[in-house]
Amino acid sequence: MFGNLIWMLVLLCSSVADENSIRDAEIFPSSPEIERGSSLKLSCVLRKNYMPQRNASHIIWKLNDALIAPENYNIVNETVSNITIHNFTYSTAYVKCFMKYVDKELPLVHTEVKSGFRPDMPENISCIYFYDANLTCTWNAGRETNFATNYTLYRKLMSSPDTVTPCQNTTESCSFFYPHNVYSNDFCFQVEAKNVLGESLTECVSIPLQRIEKFAPPEILSVKKIPGIKQLLTVTWKMPEKIIPLKPIICQIQYRNLYSNFTEFVNVSLNSFKRTGSCNLTGLWDSTNYSVAIRCINNESAFWSGWSGEKNESTEEEAPSGKVDLWRVIESSHSSRSRSVHLMWKPLKIFPPSGRILGYKIQYFPENKTARKRTKNSSEKKITLLLNEEAHIISVTAYNSAGESPEAILRIPSTNEKPSQVIETVITSTTNEEVVVQWITSEPETAKYVVEWYEELEMDPFGRSWQYVSNSTEWKNNKKNFKPFICYNISVYPIYGSNVAAPFYTQIYAQEKKPSEGPVADTGILGKNEVTIKWNEISKAKRNGFITNYTIFYKPEDGKELNETVNSNVLQYQLKSLQSNTQYTVQIMASNQAGGTIGEQKTFRTLKLDKEDLLFIGMPVGISMLCLIGLWITCVLKKHAFKKVCWPDIPNPEESLAVEWPPPSSMNNSFLKRVSSQTKTVDFEDINVLEYCFHEENQEGSLLINYENHVSECTDINTEGITYRDEKILHNEENEVAKCFSPSIPYIITDQFTRSQMHSALIPVKEVQPIEMVVNDLCGSQQNPIKNEENDDEVLKLEDFNEKALFNPYLKNSVKTREFLVSESLPEHSTDECKIQSSALPPFQPNVPAQSYIMLDMFRLPKAQ
């Protein structure tokens with residue numbers, strides 16, 4: 001095993017050591033150039049310092065990295081290997097020689113092989129002779145040889161074939177320069193082509209030099225118009241100096257109309273000894289610019305000289321022969337005294353044109369006042385006139401240096417005129433290339449119209465376009481003259497001489513696309529099951545076509561989308577059959593013939609209750625409120641009546657003049673004195689004023705004084721007395737009634753029953769002395785002082801009864817009943833004191849000033865607890 005390793009190492013080292021010797025090989029020929037399609041033969045030769053294990057049998061060949069088949073190899077000896085490649089068709093290829101050793105292919109040497117063709121015989125030899133300058137010949141070399149080819153031009157004298165002048169070049173052209181380009185008509189020319197594969201030689205071709213002469217371009221000296229002679233120009237030029245003498249020459253004049261770009265030619269013959277030439281160009285257009293150029297040729301030569309530089313000139317002018325196309329735009333006036341009239345015109349396009357327009361003359365005057373004619377000049381094709389309300393005649397003429405054109409006349413109507421409507425309708429349409437306008441007129445004899453068109457948003461009157469139409473009711477124009485997606489206003493005006501009838505207006509889009517934006521929805525009146533959706537029109541700049549309809553898309557929350565479609569003139573719509581108290585989203589789409597665009601989304605919520613529900617709920621409430629307000633108004637208006645009924649006024653007897661009362665200073669109120677001496681107090685808050693109980697018709701009834709519980713107040717208070725208090729009171733009252741009938745004795749009438757009994761038993765008396773009654777509350781608390789601010793003790797005086805009981809008139813409306821309440825917690829001796837005080841009261845004294853009076857229906861003691 002160790003020996004094998006030694007052997008492998010020796011082989012490796014030997015192979016590395018021989019790397020430098022591998023390149024010691026050569027390939028023959030080193031850079032072969034062969035004719036395309038022939039066989040290629042190459043030899044690979046090894047040097048003598050090769051190793052014994054290498055020889056020519058180990059050589060392999062490749063063509064452009066492709067292995068060549070071994071049958072094409074030929075081993076000559078141990079150092080030489082040949083290869084043959086048949087039908088070599090590569091323009092350029094690489095042939096490589098390799099040494100195959102072990103499993104490797106070691107490169108030895110390579111070479112580049114080229115293939116090509118022999119040169120073809122040159123053809124079509126032609127020469128150009130520039131007198132006293134150069135002689136240049138050219139030819140056609142034929143196919144490409146793929147090798148460098150050298151060409152030799154031989155110029156020979158046919159009379160002396162040995163006199164040869166060569167000219168060599170690698171291209172298909174060669175020149176003889178002065179002084180080697182002598183003039184002779186006895187030359188022939190021959191061309192030889194040569195490359196590595198071979199050579200070819202043409203025959204000698206005879207070419208006379210006068211037939212191949214070419215001049216330098218002539219020079220134009222002037223192009224002039226002759227004053228007074230129209231449609232004519234004179235051209236003068238100079239010939240070049242180097243021309244073969246004594247040869248006739250032909251010059252060609254080219255003149256081109258700059259308006260129509262139309263070109264014509266004129267030939268002029270000259271003698272070679274003449275150095276200048278001249279020519280008159282006739283039949284030209286008036287006032288037209290022309291461009292002139294000249295070239296010349298020897299009449300025996302085949303080559304024209306180059307064109308001279310161009311010169312421009314205009315012919316004589318003629319007065320314009322045609323009228324301008326005149327139009328006007330009458331601006332609405334803010335004042336009846338003045339208005340703006342915008343005039344615009346276009347010169348009539350006539351060929352040939354009569355001249356260059358220098359300006360325009362505008363004349364105008366009131367229709368019936370020719371003497372007031374005014375004139376203005378303008379270099380532009382528009383002007384604005386300020387006219388009054390009268391009808392005016394306006395004329396425009398174009399002028400040049402030769403004169404003026406015929407007048408174009410228009411009549412401007414007065415502000416009070418109303419032109420007649422002749423055109424009944426206008427129909428617009430579009431095709432792939434044109435915009436078509438057709439109209440129907442009620443007067444077919446009208447032979448002239450004006451079609452006016454401009455962008456809808458165009459505010460400048462001079463931004464309008466117009467065109468006259470004669471003997472037709474149809475007008476067509478190229479779509480390129482209209483902007484896409486823009487609305488145009490189109491008007492058709494009938495023309496009667498200088499009068500303009502009423503126009504017919506319409507609109508058109510040459511091309512449409514869907515609107516740039518959609519309408520924005522807005523909610524109007526919200527209801528329970530309906531809502532009004534409103535929207536505004538899209539701005540004209542964003543419609544991009546005629547709006548055909550609007551579609552309303554609405555969708556309830558978590559529901560299915562619905563839609564409604566309306567006409568283009570509808571800007572609000574009521575959605576019905578909606579769900580109450582539900583949120584909806586709504587969008588509006590505007591559509592034209594090209595498509596539709598949806599606007600922004602809007603959200604709304606329907607109501608819980610509608611008007612009918614609110615009316616059903618609110619009507620009872622409203623009626624109730626009205627009733628309350630009516631009642632309140634009634635109370636306000638009738639407050640005095642209610643006050644009189646519920647709170648009647650108590651007259652003050654002291655203020656009366658019917659009865660003479662004693663002065664307050666002489667009043668002897670022993671009752672009050674006793675109360676004060678005994679430090680007893682009366683709680684007047686416990687006194688209740690009772691309502692008047694007599695009927696109106698019973699005004700003459702007896703005075704009833706109720707003193708209920710009076711007996712129980714002045715008797716010992718005990719349980720049994722309280723229990724049978726009512727019966728005792730009734731008994732005592734009956735006894736007291738009997739006493740009341742005697743004159744000068746006090747009387748007391750207790751309850752309603754006793755009152756009624758006494759009323760029937762009353763007898764007339766002359767004078768009744770009323771009694772002062774003690775209120776049961778006087779026996780109340782001993783700590784409180786007596787309140788006597790309002791003279792609570794009242795005394796009733798009864799006067800003369802004549803068959804009736806007569807009353808003091810001041811007592812008629814006074815308080816009929818009072819209650820004096822005494823606390824039940826009073827001790828018994830207090831009650832006894834009340835009895836004593838009651839019996840000690842002095843009688844009522846008439847005619848005593850400030851005498852108090854009391855009318856008591858009852859005196860009641862509350863029950864003991």
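Start with lysine 62 and glutamate 105: in this predicted model, they form a salt bridge whose closest N and O atoms sit 2.9 Å apart. Salt bridge here means a side-chain nitrogen of Lys or Arg within 4 Å of a carboxyl oxygen of Asp or Glu. Lysine 62 belongs to strand 4 (residues 59-63) and glutamate 105 to strand 9 (residues 104-116), so the contact ties together parts that are 43 residues apart in sequence. Strands are DSSP runs of E, at least two residues, numbered from the N terminus. Lysine 62 is buried, at 16% relative accessible area, while glutamate 105 is partly exposed at 40%. Buried stands for under 20% relative accessible area, exposed for over 50%, and partly exposed for in between (1.4 Å probe, protein chains only).

Now move along to arginine 411, which makes a salt bridge with glutamate 367, closest N and O atoms 2.9 Å apart. This pair also links distant parts of the chain, 44 residues apart: arginine 411 is in strand 32 (residues 408-412), and glutamate 367 is in the loop between strand 27 (359-366) and strand 28 (374-378). Arginine 411 is buried, with 15% relative accessible area, and glutamate 367 is partly exposed, with 31%.

Arginine 411 also meets the side chain of glutamate 417 in a salt bridge, 2.7 Å from N to O. Through shared partners, Glu367, Arg411 and Glu417 join into one network. Glutamate 417 is partly exposed, at 33%. The salt-bridge count comes to 16.

A bit of housekeeping: residues are numbered from 1 along each chain as its sequence is written, and side-chain values use heavy atoms, leaving out hydrogens and water. Local features need pLDDT of at least 70, side-chain atom pairs count only at pLDDT 80 or more, and totals for chains, interfaces and linings use all residues.

How values were computed
Helix = DSSP H or I, 4+ residues; strand = E, 2+ residues; numbered from the N terminus.
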